Amino acid sequence: MTALTDWENFYIIVGSSAGALIGLQFVVITLIADMPVTQTDVQASGIFTTPSVIHFSVVLFLSAIVSIPWGGIGAVAVIWGLAGIGGLGYLIIVSRRLRRQTAYDPVFEDWLFHVLLPLAAYAMITAAAVMARSHERRALFGVGAAALLLLFVGIHNAWDLVTHMIFVRRRQLQEHSNDREKNDQKS
């Protein structure tokens, strides 16, 4: 099928980027693993870390699916639809966790990058699945745009997490340690 073949280079680049970023997430988590973990940190992980890995994984999955030499777009569209619906369902979980967590008071940017933009991406994937047979070219562009959006959302969220852990959390831990040392010296 030539329409999917034309997208091969795009998905090689996007898929390999997603795979590399998944690996990088594991490296970052390993590097900050020596920091003490509180219950609120564990709670925040499911909101601020896991979704990025999920989004990168969906991009990798979409890239792999589109790279398979299919005979037509029908089977691909079904898989896109399942991925899109699964992503929308997952965002319901993320939204609930974001609302209920107590580790951090979310601002608009958090809702934008953790819920609204991924919602747009998964909705585009679902819509592309529905229109794939009648508007193949538009569907392929829709999935490509959604994959890029998920990739950039994941990059933003991963960067946000790392900078928070380095500049905010580490400073809090150092201040707490300094306070304990001062209290120990007074005793």
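What share of the contacts in the protein with a separation of 6 or more comes from residues 24 or more positions apart? The share is 81%. The model is predicted. It holds seven helices and zero strands. Buried residues account for 38% of the 187 residues.

**Fold and surface**
- Along the sequence, the pattern reads α-α-α-α-α-α-α.
- The protein has an accessible surface of about 10,600 Å².
- Carbon and sulfur atoms hold 64% of that surface.

**Largest nonpolar core**
- The largest nonpolar core contains 31 residues.
- Within this core, the residues touching the most other members are L62, W80, I125 and L150.
- At least two residues of this core come from each of α2 (8-31), α4 (50-67), α5 (74-100), α6 (108-131) and α7 (136-186).
- The top contributor is α7, which gives seven residues to this core.

**Contacts of I125**
- Neighbours within four places in sequence are set aside here.

**Second core**
- A separate core of six residues is also present.
- Among its members are F48, L98, V115 and L161.

Technical notes
Residues are numbered from 1 along each chain as its sequence is written. This is a predicted model: local features need pLDDT of at least 70, side-chain atom pairs count only at pLDDT 80 or more; totals for chains, interfaces and linings use all residues. Side-chain values use heavy atoms; hydrogens and water are left out. Helices (H or I, at least four residues) and strands (E, at least two) are DSSP runs, numbered from the N terminus. Buried means under 20% relative accessible area, exposed over 50%, partly exposed in between (1.4 Å probe, protein chains only). Contact means heavy atoms within 4.5 Å. Accessible areas come from the Shrake-Rupley method with a 1.4 Å probe; for residues, only the protein chains shown count as cover. A nonpolar core is a set of buried Ala, Val, Leu, Ile, Met, Phe, Trp, Tyr and Cys residues joined through side-chain atoms within 4.5 Å.
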